[in-house]
Structures are given as structure tokens and as C-alpha cells.
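Here are my notes on the model you sent.

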Amino acid sequence: MKKLINKIDDVVAEALKGLSAAHSDTVRAIPESRVVVRASSSSPKVVLISGGGSGHEPLHCGFVGYGMLDAACAGEIFTSPTPDQICSAVHEVNGGRGVLFLVKNYSGDIMNFKIAREILEGEGVDVESVVICDDVSVTDSTWTVGRRGVGGTVFIEKIAGAYAETGASLNDVKSLADRVNANVRTMGAALTSCTVPAVGRPTFGLGDDEIELGIGIHGEPGRARVKMSSSAEIVEYIAGAVVDDLPFRPGDEVAVLVNGMGGTPLIELYIVYNDLKQFLGGRGIKIGRNLVGSYITSLDMQGVSITLLRLDNQMKELWDHPVRTPALCMWR
Amino acid sequence: MAFTVEMVRLSLEKLNVLIEEKREYLTDLDSAIGDADHGINMNRGMKHIIEKIRGKEYSDFGGIFRDAAMTIMSAVGGSAGPLFGTFFMKIGQKLIGKSEVSIEELAVAMQDGLDGIMFLGRSGVGDKTMIDAIAPAVEALRENSSDGDSAAWNKAVIAAELGMKGTIPMLSRRGRSSYLGERSIGHQDPGATTSYYLISCFRDASVEG
């Protein structure tokens with residue numbers, strides 16, 4: 001294992017210190033609770049709080065700032081944050097107009113946010129939560145944990161964050177976030193495994209000529225393991241599965257995220273975007289907004305995920321709302 | 001004979017040593033069907049619990065179980081933190097104000113803890129989780145409490161071990177291993193394994209001292 005780290009135990013804490021030092025105009029880290037908050041508090045509004053295991057940077061801490069999150073809690077690598085971290089994030093930023101948790105659908109995240117919510121409600125804080133579940137590669141049923149939260153998280157944090165900035169109520173922000181969640185779908189493909197620092201070896205084995213379709217952001221297995229093929233063929237498989245799932249229909253206008261898994265260069269992501277544009281064009285689906293880059297990663301994994309969100313006018317307007325965070329900055 | 005607050009302290013001390021010893025084994029079990037951190041996380045959690053309770057005086061079960069629960073929740077995160085935390089918390093709440101109880105009373109409190117795990121994890125027997133080791137152990141403890149403490153504990157440990165081994169052929173329905181579907185079959189659940197260790201440490205502390 002070759003990684004630019006000092007001590008394995010210090011990976012998360014040192015990364016948070018670096019993030020807040022590099023972006024001190026936007027965010028502030030509270031190292032003892034591993035929480036990142038906005039550098040300056042905004043006018044009273046509904047506060048958006050997310051968090052999860054580390055290793056998916058820039059998610060979530062890189063999305064703290066005007067127009068997106070108010071605070072993010074960083075767990076150990078691929079391990080959910082704890083209830084006391086979540087509570088201290090809320091105590092730090094709560095402006096009295098309510099708190100919305102944006103939680104990716106994983107057993108650990110659900111439980112820790114649930115316990116935090118119980119504690120906070122006991123203190124009289126108004127808390128709602130949205131569980132993000134956009135990964136089409138997992139079968140959804142009441143007998144399973146359900147779909148994982150992946151790339152759609154970036155869209156939900158952006159759009160709900162913008163809405164909260166306009167002064168919307170807790171219930172309104174929650175319903176909008178639910179609506180985005182209901183209209184967003186994602187699927188990913190891995191070219192290589194990731195390596196968790198504390199483990200020191202790749203999480204799963206993959207032959208030189210193999211890829212895993214439907215991979216999760218922690219290296220969880222997907223739908224199928226197939227021979228490596230061209231970008232256009234991989235796009236056809238994963239974008240096809242995404243389109244068929246919702247389903248997206250001819251005439252739909254979508255926002256797309258072509259997301260790198262951490263170890264894939266931008267030049268390849270643009271090739272994927274080019275293939276995706278042609279594929280969607282063939283299906284009569286129009287790309288209204290796009291994001292190309294590594295926004296929700298799996299450490300050093302090579303691979304890509306494709307997220308499609310069916311846009312409506314309100315979502316489009318909120319997409320265009322200014323945002324200023326370490327990892328996403330659109331200011332006009 | 002009865003179950004005392006000191007036995008809880010001793011059980012946790014024993015569990016800390018055992019988890020340290022089994023750290024790699026638990027992590028190997030977890031890397032087969034999870035994300036390879038169960039041994040590391042439980043080792044960290046138990047160390048923090050011992051730091052918290054060592055040398056501290058407890059007048060009742062409520063205090064020691066609450067400290068264990070809060071510590072493991074904040075030191076571990078993931079799923080293991082809240083689930084073992086809830087187990088300890090509910091047992092402590094049931095036995096608040098008491099410093100010595102019968103095995104029968106303890107079994108009733110452990111049932112509360114088990115219910116807490118099931119509620120929080122939205123899970124039941126047969127999903128390939130820690131519940132598959134704890135549920136039969138609690139039942140054995142309750143049903144055999146009239147045969148004397150050591151007989152009841154021995155049966156509880158055997159039940160937990162059978163429950164743990166019973167997770168091998170199961171298809172996982174909860175947690176990260178559930179994403180494997182059919183591929184989760186044939187592997188022993190790491191959470192059930194830790195739960196078996198927990199029951200056996202409670203037995204050792206109660207019976208052998």
C-alpha cells in the first residue's frame with residue numbers, strides 16, 4: 001500500500017485540519033468532534049446537516065458552505081459518524097428554524113442519525129430527515145436494507161441547500177429533498193478496488209481485464225462482473241440501467257453527474273460524458289445541467305458513476321442558485 | 001447466587017481481552033462479507049469502555065451499563081456502536097437502582113436489550129446478525145434459571161455458539177453483507193461472533209469469577 005499519510009489513526013483528523021486550513025474563508029473544522037461547519041453563520045434558516053464515513057471526499061465536508069450544507073460530520077473511513085458528533089454539529093449551527101438530516105441509506109448511518117434525532121428532540125430541537133437511496137444496482141424490497149445512497153446525494157445537498165437559503169420552512173425543504181430523491185437514479189462501475197488504509201490491501205480482487213458493474217462506494221459488489229470494454233459500451237450498460245429504472249422518458253430534461261470514483265483521471269470522465277450525451281440523445285433525453293468530476297469517491301478506486309435527475313422548473317432554478325463551498329463553487 | 005454489578009465489570013474486562021485476542025479473526029470474518037473493520041472497531045470500543053469504568057465506583061447496574069453504552073456508541077460508530085450501545089443501555093435502564101439481581105431478572109433485562117436491538121436495526125431472528133446469537137442465549141438463560149446459575153449460563157453459552165454457527169448458511173438481510181445476496185451464504189456473521197464472545201464472558205465472570 002502506497003498512500004500519502006502519516007499515521008493511519010490520524011488520517012481523518014489531519015485531512016479535516018487540511019481542509020479547513022485551505023478553505024478558512026468558507027469552513028471551520030472542530031477537530032475534537034470531527035465536524036466541519038460554515039466559517040461564518042448565516043441568517044436564521046433551516047440548517048442542513050449531513051455526514052457519513054470518510055473516504056468519499058469531497059462528500060460531505062467539502063460541500064459545507066453558502067448554498068449547500070451547514071455542517072458535516074466525518075466518521076472513520078467507511079464508518080458512520082456517532083450520535084454525539086451529530087449532536088455537536090447541530091448545537092454548533094442550529095438557528096432555531098429546524099434541522100434537516102440528509103442521510104445516505106446505510107444501516108450504520110440510519111441508526112446513528114436516528115439516535116441523534118431522539119436525543120435532539122428530547123432537547124426540543126425540530127428535526128426531520130431524508131434518507132437518500134438512488135443506487136439502482138441494489139434490489140429494493142422490505143426484506144433488504146434497500147437501495148444505497150450514492151451520487152444523488154450531491155444533487156440533493158445542492159438543491160435542498162439552495163432552497164433552505166431562500167428561507168423555506170423545514171417541511172418545505174424536506175418535501176423538496178424527498179422529491180429530488182424520488183427523481184434521481186445512479187449506477188457505478190469499478191475498474192479497480194479501493195484500499196482502506198487501516199486494512200492495507202485491496203477490498204476485493206478484480207482481474208486486469210475485468211470490471212464490476214453496479215459497484216457501491218465502499219467497494220460493495222454490484223450486479224455483474226464482466227470483461228473490460230470501451231467507454232461507450234460501459235455507458236450504454238450503466239446509463240441504460242439508470243434510464244430504465246425510473247424510467248426516464250423521451251422529452252425529459254435531466255441534470256447529469258459523471259462522477260469519478262477517486263482514481264480516474266478527468267480526461268476519461270469527459271470521454272464518458274461525451275458518450276453519455278450521445279446515448280441520452282438517442283433516447284430523446286435532454287441534458288439541462290451537468291457536473292463532471294470526482295464528487296463522491298471511494299478512496300483510490302478507479303471507476304465512474306452516472307447519476308440522472310429528472311428536472312422540474314423549481315429544481316432548475318435552485319440548481320442555478322449561487323453556491324460557495326470548498327468543492328463546489330458557482331457564483332454569478 | 002446472583003448477578004452483581006461487579007460481575008458486569010469483570011465481564012467487560014474479560015471481553016476486552018478476548019476481543020483484543022480475536023481482533024484479526026473478527027476482521028477476517030468481516031472482510032469476507034462486510035468492510036473488514038469489525039475487529040478494529042470493537043477493539044477500539046472495548047478499550048474505551050475499560051478506560052471509562054476502571055477504578056470507578058458503581059452503586060447500581062444503571063450506571064455501569066449506561067457508561068458502557070455511551071462509550072461504545074461514541075467510540076465505534078458504524079452499526080456495532082449503536083447496536084451494542086442500545087443493548088447495554090436497555091439492560092441498564094431495566095435494572096436501574098439495583099446492584100444484585102437473580103438470573104431470571106437479568107434474563108428479563110437482556111430481553112429488553114434484545115428488543116432494543118431489533119427495533120433499532122429493524123431486524124429479527126434469521127437475518128444473519130448479532131440477534132441470531134443473543135436471542136437463543138437470552139431464551140436459554142430464562143428457561144433454565146431454575147436449574148441454578150451455572151447450569152443456566154452454560155446453556156446460554158451453548159445456545160449462543162449454536163446461534164453464531166447457525167448464521168453460516170443464512171442469507172444476509174441486514175447491514176453491508178446484505179448487498180452480497182446469495183454470496184453472503186457460507187460465511188459466519190462477525191456481529192454474531194462478537195455476541196457469542198459477549199455471552200461467554202458474562203458466563204465466565206458469573207460462574208468462575
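1. A salt bridge here is a side-chain nitrogen of Lys or Arg within 4 Å of a carboxyl oxygen of Asp or Glu. By that rule, the interface of chain B and chain A has one salt bridge. Arg183(B) makes a salt bridge with Glu212(A), with 4.0 Å between the closest N and O atoms.

2. The model is predicted: local features need pLDDT of at least 70 and side-chain atom pairs pLDDT 80 or more, while totals for chains, interfaces and linings use all residues. Residues are numbered from 1 along each chain as its sequence is written, chains are lettered from A in the order written, and side-chain values use heavy atoms, without hydrogens and water.

3. In contact (heavy atoms within 4.5 Å) are 28 residues of chain B and 30 residues of chain A. The two chains bury about 2300 Å² between them, 58% of it on carbon and sulfur atoms; buried area is the accessible area (1.4 Å probe) lost on being put together, summed over both parts. Within chain B, Leu120(B), Arg176(B) and Tyr179(B) lose the most area to chain A, together 28% of what that side buries.

4. Chain A has an open sheet of six strands with mixed pairing, in the order S9-S8-S7-S12-S10-S11. Strands are DSSP runs of E, at least two residues, numbered from the N terminus, and two of them pair if DSSP finds at least two bridges between them. Strands S9 (224–227) and S11 (286–293) of chain A are at the edges with a single partner strand each, so one side of each lacks a neighbour in the sheet.

5. Strands S7 (residues 184–190) and S12 (residues 303–310) of chain A run antiparallel and are joined by seven bridges. Thr186(A) is opposite Thr307(A) in S12(A).

Key
Helix = DSSP H or I, 4+ residues; strand = E, 2+ residues; numbered from the N terminus.
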